[in-house]
Amino acid sequence: MDAPQDDSFIENRTFDEIQVGDEAHLEKRLTLDDIKLFAIMSGDVNPSHVDDDFARSSRFQEVIAHGMWGGALISTVLGTQLPGPGTLYLGQTLSFRAPVALGDVLKVSVRVSAKEDARSQLTLDCRCENQRGKVVIEGEARVLAPTEKIRRPRAVLPRVRLAERGRLHEILSAADHPPAIPVAVVHPVDDVSLTGAVAAAHQGLIIPLLVGPEAKIRAAADAARLDISEFELIDVPHSHAAAERAVALVREGRAEALMKGALHTDELMHEVLKRDGGLRTERCISHVMAFDVPTYPRPLFITDAAINISPNLDQKRDIIGNAIELAHALGNHDPKVAILSAVETVNPRMPSTLDAAALCKMADRGQIKGGTLDGPLAFDNAISESAARTKGIDSPVAGRADILVAPDLESANMLMKQLTYLADATGAGLVLGARVPIILTSRADEAITRMASCALALLVADHQKRQGLPEQGA
């Protein structure tokens, strides 16, 4: 009988401790996540393992495990139990006797059949049986057994949550089509902002114009070991001057987007919003986040979480228009816009419900174009068809929203961060409504977020070229 083990530690058995006939085993049930993880790790997307429709027409008439999934379990026993840590694989033979189907429980056993004292080498018989006692895999392993005792705390592996994370990558691949655009990168004097700009350039998304104090930019490049010799560097004395010069580059036609570097957002937006010499249009400026939410079947746009603190009705009209423009640039020509509140009925004591009703009527009268609006809608009714049916809501938007319009900045910001930190969502954002898209990056942003934000800017700039620039304001 196997001795009880302390699961918090992993301990080997040395060559001298092992005798011919010693055994070890584990049991593991095959789940769909096991198949997906093995396919991701190995790249083996044979439809027998990952395509239900194909598998039903195959010889076994159901999805089966990759053969080497069972082989990996044999390796697990050898590396963690017998002999355990310090074991070196020399060779392995495997014979696959029967398929392993979803729900099958494999008992994986290894048994020492021979010892070679001169080389501390072991030969072990390996066997995998399913819950019915049928042998599915068998073979022989040769290993070098450890000669020194090893006892270590058992590593706690991260919990893996499988998520279909293709949407941000789709944005990046879609941005391969238009040519890269010149982007004024404002005050990139730290490694994060400079690295993001250089990486986006190498992906063919942008042509950086580095605007800031030359000495500081070069020092940041040296610290990050980045080669910026191919990029134009526009020397100005400080961050205020960098923002002013970057805006001027747009007005001169030399830049088609702005990218925030190591300066406060207010500094940049102050120059953008100047009535004389800024980048204002007739439309209110707002921020839109494009989210990839693993539990939601489509891209989800949230606005406005960064610019307008408590927008009035006219500002909300423009906020919606900016979000619709981004959806159009990404190929969604009739986005469904949910105007959020705490309830789905109009309540005179809740201003957000009155605004939602007014905005929907504005859309009916052609004052908001390019999307299908509904509101007020509570969050659950906006994103869950089941919740909408339960509430008796008959709407083309409810449960299928592409754009979520929050009542104010606070609620939008909380919603955005809840999705990021509790729902494992990843987002990329832009400021829209100015003459050009503005990329607002954060030190906390992942690399894919910074890259996807640049890709969004490229797609919006290309869309604006084809549609005509927004009207310039006074």
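Visitor: Start with R225. Is R225 buried or exposed?
Guide: R225 counts as exposed, at 79% relative accessibility. Exposed means over 50% relative accessible area, buried means under 20%, and partly exposed lies in between (1.4 Å probe, protein chains only). A word on the source: this is a predicted model, where local features need pLDDT of at least 70, side-chain atom pairs count only at pLDDT 80 or more, and totals for chains, interfaces and linings use all residues. Residues are numbered from 1 along each chain as its sequence is written, and side-chain values use heavy atoms, with hydrogens and water left out.

Visitor: Where is R225 in the fold?
Guide: R225 sits in the loop between α7 (214–224) and β10 (232–235). Helices (H or I, at least four residues) and strands (E, at least two) are DSSP runs, numbered from the N terminus.

Visitor: What is the phi of R225?
Guide: Near 55°, a positive value in a residue other than glycine. S120 also has a phi near 55°, and S120 is not glycine either.

Visitor: Is S120 buried or exposed?
Guide: S120 is buried, with a relative accessible area of 17%. Look for S120 in the loop between β4 (105–116) and β5 (121–129).

Visitor: New topic. Which residues does the cis peptide bond with omega about 0° join?
Guide: That bond joins L82 and P83. P83 is in the loop between α4 (67–80) and β3 (88–96). The peptide bond from G375 to P376 is cis too, with omega near 5°. P376 lies in strand β15 (residues 372–377).

Visitor: Now helices. How many residues does α11 have?
Guide: Helix α11 (residues 351–364) has 14 residues. From first C-alpha to last, α11 reaches 20 Å, close to the 20 Å expected. The expected span is 1.5 Å times one less than the number of residues.

Visitor: What do the buried residues of α11 pack against?
Guide: They pack against α10 (313–329), β14 (336–340) and β15. Contact here means heavy atoms within 4.5 Å. The buried residues of α11 include L359, C360 and M362. Just after α11, G366 takes a positive phi of about 80°.

Visitor: What does the side chain of S193 pair with?
Guide: The side chain of D190, in a polar contact of 2.2 Å. A polar contact is a pair of N or O atoms within 3.5 Å; within protein, one must be able to donate a hydrogen and the other to accept it, and residues adjacent in sequence count only if both atoms are side-chain atoms. S193 is in helix α6 (residues 191–202). S193 is buried, at 5% relative accessible area.

Visitor: Which residues is S193 in contact with, leaving aside neighbours within four places in sequence?
Guide: H187, P188, G261 and A262.
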